[in-house]
Amino acid sequence: MSKITLAIRYCKEMNSLTHFTPTKKLLVLLFIFATILPNENVLSQGFSLGSLQNLTLPTQMPRTSTASSSAPTTTARKVVESGREQSVSDSIRSARSASSIAPTVDSSALSIRKKLYGFNIFNNPNITFETSLKIPTPKNYVLGTDDELLIDINGFSEEHYNLPITSEGYIKVPKVGNIFVSGITIEEAKRRIVDRLSKIYVGLRSYNGSAPNTTATVSLGSIRTIRVSILGDVVAPGTYSLSSLSRVMNALYLSGGPNENGTFREIKVIRDKKLIAQVDLYDLLTTGNLRQNVSLQDQDIIQVGPYKSRVEIKGQIKKPSIFENLPNESLERIIAEYGNGFLPDAYRQVLKVQRFTDKEIKLIDLNTDLLSSFYPKSGDVITVEQILTNRIENAVTLDGAVFRGGKYSISDNPTLTKLIKRAEGFKQDAFLNRISITRLRDDLTKENISVNYNDITSGKTPDIVLQREDIITVYSVLDLMETYTVRIQGEINLKGTAPLAPVATSGSTGVSETPKTTAASETPMGSFPYIKNMTVEDLIQKAGGLKESAATGRIEVIRRKKNIGKDDPSQITSTIGEKFNFSINNNLSINESASKFILEPFDEVFVRSSPNYEKQQFVSIEGQVIFPGVYALERKDEKISEILKRVGGLNAQAYPRGATLIRKFKISKQEADRKRSQLNDLSDNSTGVSVKVQEVKEETEESIGIDLAKAIESPGSIADMLLQDGDIIRIPKEPQTVRMQGEVLYPTSTRFLNGMNFKHYISEAGGFTELSARKRSYVIYANGSVDRTRKLLGVFNIYPKVEPGSEIVIPRMNAKEALSQKTLASIQMITGIVSSLSLMLVTIRQFQ
């Protein structure tokens, strides 16, 4: 006997010893391997590590029998796993949760898997085939090592036992001894256990015809794990640790199911080298159960071989997929049972079959009545096409002025009169003198057929026989007429909810667009659908009535010139419209004063404003007056002097020479755009001219310098200006200072001194700088007016007068002026030096 064989024998015998602790067993085994194996050439003996795979090292404490007389505890059933089994199980779960069963599979294989019928049950995270530990123990469950039995004795005697099955197959019952239960079903083990327990619990048996007074129940507690090998064409082949309650589907789910080459129809379960079951997964997919989903045992092998025949069905079936077919399955059965049948829009008359031959591909047109006798071959691709959804074999279309238009069956409505009757007749506005029928000819070109329906009903013309795909159009009289509108503008109270007409053709006497309620400063305008016998008062009522400012005695209507029946060019005149002037009553009531003027299509109605009507206008007086505030103008020509009398005049602190008039100016958007364009042209410095441009606004406020003192002294003079709505007159207190800014050495403000001139105040600010543009100096007075510096004889500067509250501004010279100034100063200096030298030479010569 070799040393290796001897070591294996020692290991097996060591495992069978029950009086050794796990620690002693481990030490003895390590000693055997350390002393025997190093002295033996294991490679020469053909020894491999795989030969030790059936050896079980003691890695956990063996369970000891426990007995308790207390009430049985309701602990949840669990799977007993060794450390290695636990790690394998955890790795499988983590791999499945990460959806990474086969991370190295290429994209073509994955695309095939997605098409396989049934593969989604293994690839769907919402479907699990995990073993349920809460189900009742199957009666045919075979017990084995590491299973745990729960024994409950109730009645005259009370006892509870938790008994694990040892590696030798026994359970040790206190006071009873060992009972062998390994390898038998739980039902047979129950009979053995009860039979042995009845020797010490006599109440378990009947006595002298009386019923037993004690009962014993045996159930399965913790269950063992088994090792199952899954081989062949599966996504993740290998050996898996499962609970002993697991079945074939539990193991297949862990392995990911058959791969792109694996079979779904012939999955074999092998036990002890014998075939015990052959599973067809299509039973689960079609009927919902698996007749061959047998329970697994330790060391079972599940073999998934390659598929033998597959066909692909595409197109209009409910489950287009790649199906694995058996030799005796017809195409009709595959489509009906596995593909769940045809879709409603499937073209079933002819199915397209693409088949591989030895040399090439051939096509087969398969009639639907041959499906039950047609057995597809491996590789066939069957295409179920869609019917023609854009055509209806017996339909005609009815459109237009009928009550129920749409598509109708020509079989039930073969003629035009029957079709109109089925559509519940014509609408009131139907134009029956010409009904159009668009028909498709044999050469697929379209032709138009026009019929007079009145002639058909009167019998003059025979009824029209309709054909497939005819389109019958009944026109409306309103569609053949121009859209008639009338428009009104002026002093009307146009409402936003008024029934305005849609946009009509533009033109001088047509409605250009549908106006909406505009700003108060613009003329309200609205267009309305024309109604026969409509009067001007009716139109004004639709528009919301008249404004208070309307001049009812001068209503103007402009009517479009009509030339119906007069197509003679010689009668062309320059007249483009007729004008009508009349008056209406103010309250729009129907009485003798009503105008009774009947409007016609496209009439333009103008409601003028009363010439004596004016809205209130207001001006504001601020500052040093007796009664400042807002005042309403009494007349259109009211002036400054008159409004000052109404405010009570000036008070003692008033400074009339500094009075300012602030006036609001408003221009239209078009005028503002025109000014912006002009200023942009002026600001173009391509000519070397620089212009300071201010933003042009549609509404601005400007300060106007006025001579209030003169207006008070001489009412009606040129200084006494007319007032406008929104004017603001500001009268300040008399100022006591003068301000200097710009190109001075020290911009500041100083006290005003009567009689002091312009240069005095410049001196107060430190004087001019080198860049001061003296000739462009100006003064801004308290009332907003401005006075500039002037030239005397083109040489001397005449500076403006300075008054209280004035602001002196000294501009800055530009670059050209500064250069010219420096050049002139240099010339003057040189001239002065030359003059001095000349004078010195003349003086020296005189003394010689």
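Before anything else I noted my cut-offs: buried means under 20% relative accessible area, exposed means over 50%, and partly exposed lies in between (1.4 Å probe, protein chains only).

I'm working with a predicted model, where local features need pLDDT of at least 70, side-chain atom pairs count only at pLDDT 80 or more, and totals for chains, interfaces and linings use all residues. Residues are numbered from 1 along each chain as its sequence is written, and side-chain values use heavy atoms, with hydrogens and water left out.

**Entry: Ser 222**

I looked up Ser 222 and found it in the loop between strand E7 (214-220) and strand E8 (223-232). Strands (E, at least two residues) and helices (H or I, at least four) are DSSP runs, numbered from the N terminus. Buried or exposed, I wondered about Ser 222? Ser 222 counts as buried because its relative accessibility is 8%. I also checked Asn 162: it sits 60 residues from Ser 222 in sequence, and the C-alpha to C-alpha distance is 9.6 Å.

**Entry: the whole chain**

I counted 17 helices and 39 strands in the protein chain. Of its 848 residues, 35% count as buried. The chain exposes about 51500 Å², with carbon and sulfur atoms supplying 52% of that; accessible areas come from the Shrake-Rupley method with a 1.4 Å probe, and for residues only the protein chains shown count as cover. Then I turned to contacts (heavy atoms within 4.5 Å). Among those between residues at least 6 apart in sequence, 64% join residues at least 24 apart.

**Entry: a five-stranded sheet**

I followed an open sheet of five strands, in the order E29-E28-E32-E30-E31, with mixed pairing. Two strands pair if DSSP finds at least two bridges between them. At the edges I found strand E29 (629-632) and strand E31 (699-705), each pairing on one side only.

Next I zoomed in on E28 (residues 618-623), which runs antiparallel to E29 and is joined to it by four bridges. The two form a hairpin, with five residues between them. Across from Ile 621 I found Gly 629 of E29, and across from Ser 620 there is Val 630 of E29.

**Entry: Met 829**

My last stop was Met 829, in helix H17 (residues 815-847). Why does Met 829 count as exposed? Because its relative accessibility is 52%.
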